[in-house]
Each structure stands twice: as C-alpha cells, then as structure tokens.
Amino acid sequence: MTQALVIDDNRNTADALVAMLMMLGVDGRAAYGPSQAMSLLNTIVPDIVLLDVNMPGVDGIEMLGYIRREPRLMAVPVIFITSDDQPETKQRALDGGALALIVKPASIEQLEDGLKKAGVL
C-alpha cells in the first residue's frame, strides 16, 4: 500500500488530508509540524510527502530543501498543499523540487490528481 506523510502544523488540516488519502486507498500519516516530521523522516521513507508552506520555525520550503538533500528521501515526490497562493511561492516550491502546489482547501479530486501525477496512485 502506498504510504504518504502529511506535514502541516494545523492538526485539523493534516487529519483531514489523512482521511482523504485513506478514501483514496493510501496509508496516510500526519506530522504536526517540522520537528515531528524530521523525527518521522529519520525512520520512514514515504512514497509521497504532502507539505504545508507556512509553518512556525522551519517553513515548508526549508523542509523541502532537507528532503531533496537527504539521499534516502531525495526521490520522494513532494506536493505542497498550502493556503499561500502567491505566484512567487509556487515558483519557489517548484524550483525547490516540488512536483505541484495545491491551494487549500484541497478537494479530494485535486489530491487524487496530484497522487496520479506523482505516480503513486
């Protein structure tokens, strides 16, 4: 079964995304912020990461940089799911190696499209 890691400091958002992933047949796990995500990423290699941009401390763009530099994780597709719909943010995300950016609130159809684009669904 495909395993996804959702990284978002908003528990409600993260849990909603995990629920949508489960509806799509994907095993979703939530990390409620960057520090919890770093701990999890030291022990697992998910098939895909769904990542928020605006988080306290380490933001999503910095988190993406870590994922792209870590040999075990560098090939893992990353999709940003964020309320930040500024063109500059999208460009920074794509330049950093993200596969796509979905603006919150994400629909199950958008999530499904993103997972298909990533080749994990």
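This is a predicted model: local features need pLDDT of at least 70, side-chain atom pairs count only at pLDDT 80 or more; totals for chains, interfaces and linings use all residues.
Biologist: What does aspartate 59 do at the start of α3?

Modeller: One of its side-chain oxygens comes to within 3.0 Å of the backbone nitrogen of isoleucine 61. The cut-off for a polar contact is 3.5 Å, so this pair counts as one.

Biologist: How do you know that strands β1 and β2 are paired?

Modeller: Pairing needs at least two bridges. Strand β1 (residues 3–7) and strand β2 (residues 27–31) have 5 bridges, and they run in the parallel sense. One of the bridges joins glutamine 3 to aspartate 27 in β2.

Biologist: What makes β3 a partner of β1 as well?

Modeller: The same test applies, with at least two bridges required. Strand β3 (residues 48–51) is joined to β1 by 4 bridges, and the two run parallel. Leucine 5 stands opposite valine 49, and isoleucine 7 stands opposite leucine 51.

Biologist: Which strands make up the open sheet, and in what order?

Modeller: The sheet has 5 strands in the order β2-β1-β3-β4-β5, with parallel pairing.

Biologist: Why are β2 and β5 called edge strands?

Modeller: Each of them, β2 and β5 (100–103), pairs on one side only. From one strand to the next, the twist averages 20°. Helix α2 packs on this sheet and touches β1 and β2, with its direction at about 130° to that of β2.

Biologist: Which helix belongs to the right-handed β-α-β unit?

Modeller: The helix is α1 (residues 11–23), and the unit is made of β1, α1 and β2. "Right-handed" means that, with the strands pointing away from the viewer, the path from the first strand over the helix to the second runs clockwise.

Biologist: How do you know that aspartate 8 is buried?

Modeller: The limit for buried is under 20% relative accessible area. Aspartate 8 has 2% relative accessibility, so it counts as buried. The residue lies in the loop between β1 and α1.

Biologist: What does the side chain of aspartate 8 make a polar contact with?

Modeller: The side chain of lysine 104 is one partner, at 2.8 Å. The aspartate 8 side chain also reaches the backbone nitrogen of asparagine 10 at 2.8 Å. Both values are within 3.5 Å, so both pass the cut-off.

Biologist: Why is alanine 31 called buried?

Modeller: Its relative accessible area is 0%, and the limit is under 20%, so alanine 31 is buried. Alanine 31 is in strand β2. Leaving out neighbours within four places in sequence, its contacts are Leu5, Val6, Ile7, Asp8, Gln36, Ala37 and Leu40.

Biologist: What makes methionine 20 count as buried?

Modeller: Methionine 20, in helix α1, has 15% relative accessibility, which is under 20%, so it counts as buried. Beyond four places in sequence, methionine 20 is in contact with Ala106, Ser107, Ile108 and Leu111.

Biologist: Which residues touch the most other members of the largest nonpolar core?

Modeller: They are Ile7, Leu41, Val49, Leu51 and Phe80, in a core of 23 residues. At least two residues come from each of β1, α2, β3, α3 and β4, and α3 gives the most, with 5. Beyond four places in sequence, valine 49 touches Leu5, Ile7, Ile67, Val76, Pro77, Val78 and Ile79.

Biologist: Where does methionine 20 belong?

Modeller: Methionine 20 is in a second, separate core of 21 residues, which also includes Ala4, Ala14 and Ile102. In soluble globular proteins, nonpolar side chains tend to be buried together.

Note on methods. Residues are numbered from 1 along each chain as its sequence is written. Side-chain values use heavy atoms; hydrogens and water are left out. Buried means under 20% relative accessible area, exposed over 50%, partly exposed in between (1.4 Å probe, protein chains only). A polar contact is a pair of N or O atoms within 3.5 Å; within protein, one must be able to donate a hydrogen and the other to accept it, and residues adjacent in sequence count only if both atoms are side-chain atoms. Axes are lines fitted to C-alpha atoms, for helices over the stretch in contact, and angles run from 0 to 180 degrees between N-to-C directions. Contact means heavy atoms within 4.5 Å. A nonpolar core is a set of buried Ala, Val, Leu, Ile, Met, Phe, Trp, Tyr and Cys residues joined through side-chain atoms within 4.5 Å.
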